[in-house]
Amino acid sequence: MAVVRVYSIGHQIIRPSNCSAFLRVFRKYSLHKANAYRTHFGFEIVDEDVKSEKVYNVFEKVANSYDAMNDAMSFGIHRLWKDIFMQKLAPTRNTQLLDVAGGTGDIAFRFLRHVGQAESEDEASRASVTVCDINEAMLEVGRARARQRGMCIEWVQGDAEQLPLPDASYDAYSIAFGIRNVTHIDRAVQEAYRVLKPGGRFLCLEFSHVSNPALQWVYDQYSFQVIPVLGQLIAGQWKPYQYLVESIRQFPNQEDFKEIIESAGFRSVTYENLTFGVVAIHSGFKI
Ligand SMILES: C[S@@+](CC[C@H](N)C(=O)[O-])C[C@H]1O[C@@H](n2cnc3c(N)ncnc32)[C@H](O)[C@@H]1O
């Protein structure tokens with residue numbers, strides 16, 4: 001009985017008699033595997049395990065000047081974007097929110113102010129907010145700001161891709177200007193799905209893509225010529241702000257990000273552009 005040996009590479013079955021096909025598929029598969037473990041850090045291509053360390057270093061360096069730089073770079077407009085984000089989330093006095101990549105607490109503070117306003121005289125708020133961020137330096141600034149404001153927030157150090165939190169435990173998941181920094185966006189969105197209760201809402205505020213070419217040109221000039229200079233002048237840091245503008249260009253556009261959210265299982269996924277698409281708010285529900 002003749003024995004025919006076959007080999008498989010990836011999903012393809014190869015007979016050794018067809019040597020050139022073997023080599024062609026082998027090279028293609030090896031290249032695919034090699035690229036599978038590489039990612040971008042701004043415009044630089046790096047190993048996946050290096051990216052999270054580099055991102056960590058960025059936010060460790062800028063933590064103390066982070067809030068002042070946000071105001072300077074955006075002329076304060078980031079405050080309006082975050083206000084609109086909170087209006088869209090529309091939490092009630094019972095909402096349990098998880099704010100991932102919550103950094104120095106801007107979203108959590110807005111959430112508590114919003115539910116405080118919804119509190120009635122006879123019924124106190126049962127709402128709560130947990131901020132989860134990978135970076136201890138950012139969390140430390142957030143804790144100090146919360147103490148100054150007398151606000152009660154739970155602070156958790158953790159990775160958006162592997163949240164140290166139980167399944168189905170939150171009514172809402174927010175992430176503002178954070179998802180761009182994670183290595184695997186799809187895993188972070190899947191984690192959001194896991195920790196949300198059925199009926200829970202995913203809401204993401206992130207830099208996005210401007211479709212008007214003239215506006216894009218102006219925005220690019222400002223981003224690449226001005227922002228790193230401001231970073232150097234205000235925070236004494238050029239590279240983190242170079243990374244910021246580059247990472248924005250690498251982030252998927254509005255439609256592609258919508259598909260990632262849908263692939264994680266979210267339903268009724270929509271997005272809204274703010275400031276001509278400089279940022280977008282994506283929303284989805286765990287139904
Ligand atoms: C641009 S700041 C946004 C902070 C805050 N949400 C805001 O809107 O001001 C990005 C934050 O993402 C955090 N971050 C980056 N990678 C992360 C990850 N894999 N998991 C959790 N947080 C992450 C950083 O430490 C940083 O605090």
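1. A definition to start with: two strands pair if DSSP finds at least two bridges between them. Strands themselves are DSSP runs of E with at least two residues, helices are runs of H or I with at least four residues, and both are numbered from the N terminus. With that in hand, R38 stands opposite D47 in β4. The strands involved, β3 (38–41) and β4 (residues 44–47), are antiparallel and share four bridges. They make a hairpin with two residues between them, and G42 in its turn has a positive phi of about 60°.

2. Two notes on what you are looking at. This is a predicted model, in which local features need pLDDT of at least 70 and side-chain atom pairs count only at pLDDT 80 or more, while totals for chains, interfaces and linings use all residues. Residues are numbered from 1 along each chain as its sequence is written.

3. Now the overall picture. The protein has 10 helices and 11 strands. Of its 287 residues, 34% count as buried; here a residue is buried if 20 or more other C-beta atoms lie within 10 Å of its own, exposed if 12 or fewer, and partly exposed in between, with C-beta atoms placed from the backbone. Contact means that the C-beta atoms of two residues, placed from the backbone, lie within 7 Å. Among contacts between residues at least 6 apart in sequence, 67% join residues at least 24 apart.

4. The sheet deserves a look next. Seven strands form an open sheet in the order β7-β6-β5-β8-β9-β11-β10, and the pairing is mixed. At the edges stand β7 (154–157) and β10 (267–274); each has a single partner strand, so one side of each has no neighbour in the sheet. On average, neighbouring strands of this sheet are turned by 15° against each other, direction ignored. Axes here are lines fitted to C-alpha atoms, for helices over the stretch in contact, and angles run from 0 to 180 degrees between N-to-C directions. Helix α6 (residues 136–149) lies across β6 (128–133) and β7, running at about 170° to β7.

5. Which strands are parallel, and which antiparallel? Strands β5 (residues 96–100) and β8 (residues 170–176) run parallel and are joined by four bridges; V100 has I175 in β8 as its bridge partner. Strand β9 (residues 196–207) pairs with β11 in the antiparallel sense over seven bridges, and L205 stands opposite I281 in β11.

6. Staying with β11 (residues 279–285), five of its seven residues are buried, so this strand is largely enclosed by the rest of the structure. Six bridges join β11 to β10 in an antiparallel arrangement, with R267 opposite F285. The two strands form a hairpin with four residues between them, and T275 in the turn has a positive phi of about 50°.

7. Helix α9 (residues 239–250) has 12 residues and reaches 16 Å from its first C-alpha to its last, close to the 16 Å expected at 1.5 Å a residue; the expected span is 1.5 Å times one less than the number of residues. Its buried residues are P240, Y241, Y243, L244, V245 and I248, and they pack against β3, α2, β9 and α8. H40, in strand β3, counts as partly exposed because it has 15 C-beta neighbours inside 10 Å. Leaving aside residues up to four places away in sequence, H40 touches I45 and Q250.

8. Two phi values are worth checking by eye. Most residues other than glycine have a negative phi. A168, in the loop between β7 and β8, has phi near 45°, and F177, in the loop between β8 and α7 (185–195), has a positive phi of about 55°. Is each buried or exposed? A168 is exposed, with 12 other C-beta atoms within 10 Å, whereas F177 is buried, with 21.

9. Finally, the ligand shell. Of the 20 residues around the ligand, A101, G103, N135, A160 and A176 come nearest; a residue is near a molecule if its C-beta atom, placed from the backbone, lies within 6 Å of it. Helices α2 (48–62) and α5 (106–118) each supply at least two residues of this shell. The shell divides into 11 nonpolar, five polar and four charged residues, where Ala, Val, Leu, Ile, Met, Phe, Trp, Tyr, Cys and Pro count as nonpolar, Asp, Glu, Lys and Arg as charged, and the others, Gly among them, as polar.
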